[in-house]
Amino acid sequence: MSIKSLPFLFVLLLTMFSASVRAFTIAPRFVAARAPFAARFMSTSDEGGPDTSIVEICRKKITDALGTENVKVQGAFDDPNGSHVSIVVVSDKFEGKRAVQRQQMVYKALWEELKGPLHAVDSMVCKTPEEAS
């Protein structure tokens, strides 16, 4: 390698380094522009008002389908969008049903949400009133 090619090599390495840094850096204006979309992505205005979260929609659908008010739905793993939820349900409609059948009843209530904004149910506890007490 000659001395004449060192400036060219230096410029080439500098260009490659700066391009790689830019490739893995998110510009703050891009993040700010996308933030409103990200906050609204997992919420819907179809049911219950303009800013009803998917967690509240799931709770309402389970409550309506199983005829119980003893329903707890929360976003799992500190997921602010509610795309992952944990569910606890106590219903007398679970009497005589196996665990899988109980879960199927809950999934049936959530079917439309699972095709859209709800990504996964991380945990589900389904009990009868006798089992819960």
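S91 counts as buried because its relative accessibility is 1%, where buried means under 20% relative accessible area, exposed over 50% and partly exposed in between (1.4 Å probe, protein chains only). The residue sits in the loop between β4 (84–90) and α4; helices (H or I, at least four residues) and strands (E, at least two) are DSSP runs, numbered from the N terminus. Leaving aside neighbours within four places in sequence, S91 is in contact (heavy atoms within 4.5 Å) with L66, T68, K127, T128 and P129. The side chain of S91 also reaches the backbone nitrogen of K93 at 3.1 Å.

This is a predicted model, in which local features need pLDDT of at least 70, side-chain atom pairs count only at pLDDT 80 or more, and totals for chains, interfaces and linings use all residues. Residues are numbered from 1 along each chain as its sequence is written, and side-chain values use heavy atoms, with hydrogens and water left out.

The pLDDT is the predictor's confidence in each residue, from 0 to 100. Its average over the protein chain is 77, and 65% of the residues score at least 70. Confidence is highest in helix α4 (residues 99–109), at a mean of 96, and lowest in helix α2 (residues 28–41), at 43. Over residues 29–46 the pLDDT is below 50, and this stretch has 17 contacts in the model beyond near neighbours in sequence. Where pLDDT is low, the predicted coordinates should not be read in detail.

C58 is buried, with 0% relative accessibility, and C126 is buried at 12%. A disulfide is a pair of cysteine sulfur atoms within 2.5 Å; by this rule, the model has zero disulfides.

Note on methods:
A polar contact is a pair of N or O atoms within 3.5 Å; within protein, one must be able to donate a hydrogen and the other to accept it, and residues adjacent in sequence count only if both atoms are side-chain atoms.
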